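Me: I would like to go through this protein step by step. Please start with any term I need before we look at individual residues.

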Amino acid sequence: QLKQSEANADTKEKLPLRLRIFEKFPNRPQMVKISKLPSDFTVPKIRESFMKQFIDRQQQDTSCLLRRLPSASSSSCDHSKRSAIEENKYIDQKLRKSVFSIRARNLLEKETAINKILRACTRQRMLSGSFEGQPAKERSILSVQHHIRQERRSLRHGSNSQRISRGKSLETLTQDHSNTVRYRNAQREDSEIKMIQEKKEQAEMKRKVQEEELRENHPYFDKPLFIVGREHRFRNFCRVVVRARFNASKTDPVTGAVKNTKYHQLYDLLGLVTYLDWVMIIVTICSCISMMFESPFRRVMHAPTLQIAEYVFVIFMSIELNLKIMADGLFFTPTAVIRDFGGVMDIFIYLVSLIFLCWMPQNVPAKSGAQLLMVLRCLRPLRIFKLVPQMRKVVRELFSGFKEIFLVSILLLTLMLVFASFGVQLFAGKLAKCNDPHIISREDCHGIFRINVSVSKNLNLKLRPGEKKPGFWVPRVWANPRNFNFDNVGNAMLALFEVLSLKGWVEVRDVIIHRVGPIHGIYIHVFVFLGCMIGLTLFVGVVIANFNENKVLTLLTVDQRRWEDLKSRLKIAQPLHLPPRPDNDGFRAKMYDITQHPFFKRTIAVLVLAQSVLLSVKWDAADPVTVPLATMSVVFTFIFVLEVTMKIIAMSPSGFWQSRRNRYDLLVTSLGVIWVILHFALLNAYTYMMGACVIVFRFFSICGKHVTLKMLLLTVVVSMYKSFFIIVGMFLLLLCYAFAGVVLFGTVKYGENINRHANFSSAGKAITVLFRIVTGEDWNKIMHDCMVQPPFCTPDNSTYWKTDCGNYAGALMYFCSFYVIIAYIMLNLLVAIIVENFSLFYSTEEDQLLSYNDLRHFQIIWNMVDDKRE
């Protein structure tokens with residue numbers, strides 16, 4: 001029997017992790033592919049003997065505890081102990097060397113400290129309401145107050161025994177009810193997930209059967225272009241070229257575990273897409289860089305250097321599409337090129353680029369087919385969405401909930417239509433006025449009048465008695481306000497959409513009050529409340545909710561969600577990289593106690609803040625105040641040098657270098673020493689600038705000196721990492737709109753907001769303007785400047801770069817679509833990711849397995865027992 005148990009244990013250890021988990025939980029619904037821990041998140045290398053040593057010790061403690069219990073028999077305890085010893089015979093032999101190599105005193109100290117931490121953690125969890133490893137049940141303030149009131153009432157109207165029995169019975173009933181509800185919910189979720197799994201498996205089996213039947217009965221099925229055979233050599237060669245990718249994962253032949261490599265993150269990035277897709281990503285980026293040099297004054301049709309990038313892009317894309325078509329087929333194949341919207345977009349971008357390259361129109365009239373072709377050519381950066389799978393995933397998750405977003409958009413449009421129709425009835429024709437302030441009625445607004453020119457007092461212009469101020473004559477015009485009116489439903493809808501973005505609504509309200517009446521200002525206030533405070537908030541909530549619901553986590557059970565949450569928290573958990581205290585009580589041990597004391601850390605943080613205050617006054621070499629400020633900064637620098645020296649003495653150079661925060665402090669301190677030397681040697685404006693930069697760099701080190709600041713900084717870093725592809729997608733959309741803006745509004749005349757600083761004359765300036773629009777800064781005024789039409793501009797029907805007029809319909813579609821996609825959808829996805837990452841630290845849900853305090857205790861214990869930092 002012992003030999004049979006040893007053989008079973010050996011075979012179980014050789015099984016992969018997924019099979020062992022499935023063997024332990026045979027009825028567990030497998031919603032996701034369970035992978036190994038090293039492939040999910042990086043785990044620092046820890047000695048295997050150390051972990052097994054503590055597991056063995058825990059087993060011995062539990063066996064001895066069972067001996068002390070009166071209900072446990074000694075025979076069962078001895079039997080379990082013998083079986084554990086026989087099964088772990090090889091492990092015990094391996095552990096003897098490591099156990100006897102550690103000093104007994106260090107083991108006792110570490111074990112005592114770990115037991116104290118575990119007792120404190122257990123006491124905290126018991127006080128918070130959890131017991132026997134179960135998560136604490138969070139109570140709201142109202143429930144706690146209600147419980148206190150019930151206890152007080154029981155104290156007034158009963159004996160102590162009755163009150164205790166009532167409290168216990170009430171608490172027992174509450175716990176039983178909550179456990180029953182939780183069990184029923186878990187059963188319901190499991191049954192629903194099993195049904196979904198069964199339907200998915202049935203659909204997959206049906207698809208495979210249909211595919212096999214088509215292969216047998218139809219000779220042209222799965223043949224690219226109905227020409228190349230299924231197993232033709234040329235097709236196999238194309239498949240190898242198309243699907244070749246970098247794969248640096250090395251597996252252990254015995255256990256099947258994936259080995260971690262030194263540069264695994266770089267290898268994962270290289271293996272993200274195939275080699276062919278990497279080449280096309282680089283070619284597309286180079287083509288986009290070439291398009292950034294195009295402008296109405298430097299066109300690709302007249303620049304041979306820009307045409308080279310156009311030829312290269314078309315040639316490489318032709319080769320890519322031919323290889324993919326020959327490998328996978330164009331239509332009616334299981335992995336055809338055109339099987340989704342991404343394939344259609346690839347073919348569309350290729351055809352537009354090919355037609356433009358073959359045509360190269362020398363004259364492009366405004367609002368013509370050639371200009372439309374140039375606008376469609378600006379969709380080229382969207383190719384990267386198709387080539388990178390993570391960006392396709394973002395788009396898929398976004399558009400999978402497009403139905404709800406569309407319904408909320410219809411609701412907002414209906415609200416705008418109702419208010420626009422009502423606004424037409426109230427304000428149609430009433431907002432116009434004459435440009436002559438002395439004329440009130442429209443019948444008298446004709447002829448010309450004189451406008452005086454304001455003269456600056458600096459000109460010292462003295463007027464003679466009776467002489468009029470300089471001015472000029474202009475015709476009287478009866479006109480609406482420049483940016484909005486309610487003369488028809490279309491203009492009213494546009495005005496209300498601008499109000500919906502909270503831009504210019506005060507101007508609309510003031511004009512309505514001034515020209516119609518104060519009572520009519522209620523109209524715009526009601527629309528702002530209903531449209532912005534309720535409707536727009538609902539739109540934002542639907543976008544965030546759909547993004548969260550369409551993720552994979554929503555299909556998991558409660559236990560699987562808790563496991564995913566645990567993995568996310570373990571990704572954040574990193575070792576403290578703090579070396580242990582020296583064994584003796586010598587000089588290094590005293591230095592260690594001083595540098596690790598909370599008072600010392602707080603003092604250093606206060607000194608960092610005090611040095612940062614020195615930058616509140618500009619450091620100028622000619623100002624006498626700068627000299628004492630720089631001298632004080634030199635004193636602070638020497639204090640920080642002393643701090644780093646004390647830490648190096650206490651931790652040893654190798655232990656000090658283990659922490660990234662210590663490395664950063666050493667770098668900033670070294671720069672400070674270099675600045676002190678240059679300051680006393682040169683004493684000019686450049687040394688003062690360098691000193692200010694050193695102080696700013698020193699200020700960022702304060703984030704790692706406080707637990708909450710460090711937690712917030714870590715949250716921001718994790719959020720930026722998770723939202724990387726969303727940020728890249730936003731930049732690609734912004735780049736497409738920038739290229740299109742150069743084609744549509746590159747030569748528009750300057751107006752109220754279109755000026756020499758903000759215009760579309762080049763792609764770089766267009767990106768700056770669009771980034772300004774993302775923040776919502778006067779985007780509606782820029783749109784109206786791009787709508788300018790004759791007689792306020794000079795038209796030219798030959799080429800669009802010779803006219804300074806705008807495009808009315810193009811500006812409407814361009815700016816409104818950009819503002820909705822970027823400001824209302826993409827930015828809200830970033831908000832959803834940041835909120836999700838903050839929940840890892842501040843979540844109070846009862847389903848969480850680990851809190852931040854548990855992670856902190858884990859890091860402390862990890863740092864105490866891992867001496868060699870392996």
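Reply: Helices and strands here are DSSP runs, a helix having at least four residues and a strand at least two, and they are numbered from the N terminus. Please also keep in mind that this is a predicted model.

Me: Then where is Arg-442 found?
Reply: Arg-442 sits in the loop that runs between strand E3 (433-434) and strand E4 (448-452).

Me: Is Arg-442 buried or exposed, and why?
Reply: Exposed means over 50% relative accessible area. Arg-442 has 58% relative accessibility, and therefore it counts as exposed.

Me: How far is Arg-442 from Trp-478 in space?
Reply: Their C-alpha atoms are 6.7 Å apart, while in sequence Arg-442 and Trp-478 are 36 residues apart.

Me: Let me step back. How many helices and strands does the protein have?
Reply: The secondary structure comes to 33 helices and six strands.

Me: And what share of the residues counts as buried?
Reply: Of the 870 residues, 35% count as buried. The accessible surface is about 53400 Å², and carbon and sulfur atoms hold 64% of that surface.

Me: Which residues have the most contacts inside the largest nonpolar core?
Reply: That core has 118 residues, and those with the most contacts inside it are Phe-486, Phe-745, Phe-760, Leu-770, Ile-773, Tyr-814 and Phe-815.

Me: What is Phe-815 in contact with?
Reply: If neighbours within four places in sequence are left aside, Phe-815 contacts Phe-745, Phe-760, Ile-773, Trp-779, Ile-782, Met-783 and Cys-786. There is also a second, separate core of 23 residues, which includes Phe-600, Ala-605, Leu-629 and Tyr-688.

Me: On to aromatic rings. How is a pair of rings described?
Reply: A pair of aromatic rings is described by the distance of the centres and the angle of the planes. In this protein the count comes to 23 aromatic pairs.

Me: What kind of pair do Phe-419 and Tyr-523 form?
Reply: The pair is tilted, at 5.8 Å centre to centre and with 55° between the planes. Phe-419 belongs to helix H18 (residues 402-427) and Tyr-523 to helix H21 (residues 521-549), so the pair ties together parts that are 104 residues apart in sequence. Phe-419 is buried, with 12% relative accessible area, and Tyr-523 is buried as well, with 7%.

Me: Which cluster do ring pairs link?
Reply: Ring pairs link Phe-419, Phe-422, Phe-427, Phe-486, Tyr-523 and Phe-527 into a cluster.

Me: Which charged residue lies over the face of Trp-801?
Reply: Arg-299 does, at 3.9 Å from the ring centre. In another place, Arg-698 lies over the face of Phe-640, at 4.2 Å from the ring centre.

Me: A new topic: where does Asp-346 lie, and what does it touch?
Reply: Asp-346 is in helix H14 (residues 341-359). Apart from residues up to four places away in sequence, Asp-346 touches Met-317, Arg-383 and Lys-386.

Me: Is Asp-346 buried or exposed?
Reply: Asp-346 counts as buried, at 4% relative accessibility.

Me: Which peptide bond is cis here?
Reply: The bond from Pro-790 to Pro-791 is cis, with omega near 10°. Pro-791 is in the loop between helix H31 (779-785) and helix H32 (808-842).

Me: And what is phi of Phe-226 and of Lys-367?
Reply: Phi of Phe-226 is near 60°, which is a positive value in a residue other than glycine. Lys-367 is not a glycine either, and its phi is positive at about 60°. Phe-226 is in the loop between helix H9 (160-217) and helix H10 (233-243), whereas Lys-367 is in the loop between H14 and helix H15 (369-377). Phe-226 is partly exposed, with a relative accessible area of 47%, and Lys-367 is exposed, with 55%.

How values were computed: Residues numbered from 1 in each chain as written. Predicted model: local features only at pLDDT ≥ 70, side-chain atom pairs only at ≥ 80, totals over all residues. Heavy atoms only, no water. Core = buried A, V, L, I, M, F, W, Y, C linked by side-chain atoms within 4.5 Å. Buried < 20%, exposed > 50% of the residue type's maximum accessible area, 1.4 Å probe, protein only. Contact = heavy atoms within 4.5 Å. Phe/Tyr/Trp six-rings, centres within 6.5 Å; stacked < 30°, edge-to-face > 60°. Lys NZ or Arg CZ within 6 Å of the ring centre and 35° of its normal. Areas by Shrake-Rupley, 256 points an atom, 1.4 Å probe, with all protein chains shown as cover.
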